[in-house]
Amino acid sequence: MTEELRRTASPSALLGTAGPFGEGAPAGSAEEIERLHQRGRFLDDLAGVVSTVHHPARAVEMMTALLAEHVVEFAQVVLHTHQGWVAAGQAAGHRPVDSGGYRVGRLQAQVLTELLSRQRPEHWLLPPDTPERATMLASLFGTSELVGQLDALDAVGILSLPLLARGRAIGLVTLARGERRDLSADDVAFLEDAARRMAVALDACVVVSDNRFVAATLRSSLVPPPVPTSSGLDVASYSRVAQEEVAVGGDFIDVHGPDGDKTILLGDAVGKGVVAAIAAKRIRAAVRTASLVDRDPAWVLGLTNKVLVAEAESAIESFATGVCARARTGADGVVALEITNAGHPPPIILRRDGRLEYVESHGPALGVFDDASYTSTHHRLAPGDTLVCYTDGVTEARGRADMFGEDGIAAALAGLGGAPSSAIVERLAMSVSAFVGDAAHDRDDTAIVAVQPLATGLA
Amino acid sequence: MTADPAERYWAAVSRNDTHEARSVATSLLREGVPMPTVLEGLVGAAQRRIGELWASNDWSVAREHAATAVSEQVVRSLREEQARLAAADRSVGADRPLLVVCAEREWHALPAMMLSATLEHAGHTVQYLGADVSTTALQGALLEAAPRAALVSASLSSSLVYVRRHVEAATSVAVPVVVGGSAFDRDGVRALRLGATAFAASAADLESTLAALPTYVEPVGPLRDDAALEAYAIMAELPSFSADAVARVRSDAAADAVAVEAIADQVPHVFGSVAGALLTGDSTIVAEITEWLDGVGRARAADTTTTQAVWSAVERQLGEFPHALDLVRSR
């Protein structure tokens, strides 16, 4: 490619040349007083947005609307984030073009990126009714409705200001006035100050958004997958985390395996929040990997234990408890269960007639002893029978004077023999929640899973 | 198979047959019956019957729960089915979602699920968070999803205090809040007093309500009047107030044990409703709960001394709360 070609291909070459700023309104004129009043309103409202809105797209939209309402006749704000461009624009008297429908195109992105890298204000005079004008507007506003809105305003000049925060440009605000007026030097000084305030606030929004994105990604990787009806099982689960601010915790539920032969895993990794969630993810992965080799739950938890012990830098870091159950559906609709317990509260089988049976299967907790070995117990779930596994967030839920305990479970499940899994899970979760009250500071991670043969009609 | 779908649906729900209930409902949807009609004709009708059967003491709470769980599974399947049917002819909406949540401690998820299905039928993008959504969880969703509006569902008047928390949470980040559900009065007085941006009186006028919502709203700050402070103090003491009041009802009431337990079970709800009445300044809440409690007692052949025992036990706990006592005594 020749030097000549490269220069014309440069996006900024599409934007033409800068021109001088116009005069402001005469000092003391009614127009100037109105302008100062509007700027005051803008700064007040901007302070409100900065303190309340922490979502990048919403902040961009609200700032755009404030600029177009109080300060200029046209404004576009674009923000570059790890998840792509966020953009909104609005001309006074027109409907906002918001981030819901406004996608930054490829050419437009190139121009914006180059303008960001320059980190300085730019001022362009818009040539009237020429192909150059169309190219220029397309470079800045893509194929959005903003081009038409700007034409309708009869704008003659465009100001672009970088949004600078912590030493780099994170976005760009583009402004214009209507009715053949251009921005004055006084306007520009005010808008540069406004852009500084906006940049700091938007930068904080991006930090919040990035953190939420990390937690949300981790969270969605821990959600138990939906169990199709073809599996032959009716599975319902509930989980609530102690650290709701990050919305992840150490309790985990997983269901996997082929139809008719499912592995159900419920466990509790030590700690709370993100650290515990990462440990939970590791245990889930180890159990899934082991299950590909052999689906015997005692063997699966044995191998998982070895992985945890081998990988742990300290015993406390890898400590976890869990229940692993293999559920095989027979031709008669009865599910044969093998259950292995690694230091976890005992699962319950709620029989269709309402009887409760505790599954007395015991083994050491995971991640402590290298040579731990596990056994499993065998059970049968007829239609209407339900296996209920839960974490100690249920039994050790603290009420006014005592803990929820096994009595709490028995009371919650009374009369629910033969009810669908979701009714059983919900009733138990609800009872724990009512027992704890609003004392959220004592809350532990809580998880419940219920499994029963898929009923096709109980007479 | 010639039987009326509503009757077949009811038969399936009443014997916990999720499979059959699901099949009746999804076949109607596939035959082209609109979602709101399926929801109202099958699920809504069944839920009213379930409520009546519990109130009249024909069904236990556990049976009511089990049957409701069937309807919940059905609505979940209907939403999935609708998404499948719509996927073919609808472009993926880039629209901001509508966030549908239940108030914290509000476990009646079905109305919010039905609302989600209805909104999706009308072409809205919905993020449904389920029952018992804490204020922190709501705040997280507001940060992540940046919804057009938050729709808060509450079925019980004891949830009104928690509705207010959601109103404060959403408006603090400028998001409009629409409230609705059987916890509210028809005229929307309670919704207004709770600071909601709008009140959804019925599914029918929801579209016009949504269309009229502002894009941004002013923050609704915490309430500081005496009645509201009493309401918050009562909620903070709820587990201990309830435990003490229940113990008193058990020792004072003369009716048979089953009836006493059914009525004593309602004690936390009674305290929560008094708090809701304090917050909204709406004394009809206390009148409603009185009438309802009497109904529960009558159906269980308890004489009025049992419900009377509840109110005197409640009054005892409310000794330090003059506004609450006024409400309870003038019921």
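How many Å separate the centres of domain 1 of chain A and domain 2 of chain A, taken over C-alpha atoms? Select the two domains of chain A to see: domain 1 covers 3-216 and domain 2 covers 224-453. Their centres, taken over C-alpha atoms, are separated by 53 Å. Keep in mind throughout that this is a predicted model.

**Stop 1: a strand residue in chain A**

Stay in chain A and select 348-350, which is strand β11. A:Ile348 belongs to this strand. Because its relative accessibility is 0%, A:Ile348 counts as buried. Now show what surrounds the residue, leaving aside neighbours within four places in sequence. A:Ile348 is then in contact with A:Leu356, A:Glu357 and A:Tyr358, with A:Thr386, A:Leu387, A:Val388 and A:Tyr390, and with A:Ile409.

**Stop 2: the cavity**

Next, select A:Val53, A:His54, A:His55 and A:Arg58 together with B:Leu142, B:Leu143, B:Val173 and B:Val175. These residues, from chains A and B, line the largest cavity. The structure holds 1 cavity of 30 Å³ or more, and the space in the largest cavity is about 50 Å³. Colour the lining by residue class and it divides into 5 nonpolar, 2 polar and 1 charged.

**Stop 3: two positive phi values in chain B**

Move to the loop between α7 (160-171) and β4 (177-180) of chain B, where B:Ala174 is found. What is phi of B:Ala174 near? The value is near 70°, positive in a residue other than glycine. Most residues other than glycine have a negative phi. B:Ala174 has a relative accessible area of 3%, so the residue is buried.

Then go to B:Asn16, in the loop between α1 (5-14) and α2 (18-30) of chain B. Here too phi is positive in a residue other than glycine, with a value near 60°. Is B:Asn16 buried or exposed? With a relative accessible area of 18%, B:Asn16 is buried, because the cut-off for that class is under 20%.

**Stop 4: the domains of chain B**

Colour chain B by domain: domain 1 is 1-90, domain 2 is 92-222 and domain 3 is 226-329. The contact between domain 1 and domain 2 of chain B takes 15 residues from domain 1 and 13 residues from domain 2. The centres of these two domains, over C-alpha atoms, are separated by 24 Å.

Select helix α4 (residues 61-87) of chain B and pick out B:Gln82 within the helix. B:Gln82 has a relative accessible area of 9% and is therefore buried. Which residues is B:Gln82 in contact with, leaving aside neighbours within four places in sequence? They are B:Leu29, B:Met35, B:Ala117, B:Glu120 and B:His121.

**Stop 5: helix α15 of chain B**

Finish with residues 304-317 of chain B, helix α15. At 1.5 Å a residue, its 14 residues should span 20 Å, and the end C-alpha atoms are 20 Å apart, so the two agree. Show the side chains of the buried residues of α15(B): B:Thr306, B:Thr307, B:Ala309, B:Val310, B:Trp311, B:Ala313, B:Val314 and B:Gln317.

Key:
Residues are numbered from 1 along each chain as its sequence is written. Chains are lettered from A and ligands numbered from 1 in the order in which they are written. This is a predicted model: local features need pLDDT of at least 70, side-chain atom pairs count only at pLDDT 80 or more; totals for chains, interfaces and linings use all residues. Side-chain values use heavy atoms; hydrogens and water are left out. On a 1 Å grid over the protein atoms alone, a cavity is a set of points where a 1.4 Å probe fits but cannot get out, and a pocket is an open set with protein on both sides within 12 Å along at least five of seven lines; lining residues have an atom within 4 Å of a point. Grid points are joined across faces, edges and corners, and a volume is the space filled by probe spheres set on the points. Ala, Val, Leu, Ile, Met, Phe, Trp, Tyr, Cys and Pro count as nonpolar, Asp, Glu, Lys and Arg as charged, and the others, Gly among them, as polar. Domain bounds come from an automatic or database domain assignment. Helices (H or I, at least four residues) and strands (E, at least two) are DSSP runs, numbered from the N terminus. Buried means under 20% relative accessible area, exposed over 50%, partly exposed in between (1.4 Å probe, protein chains only). Contact means heavy atoms within 4.5 Å. The expected span of a helix is 1.5 Å times one less than its number of residues.
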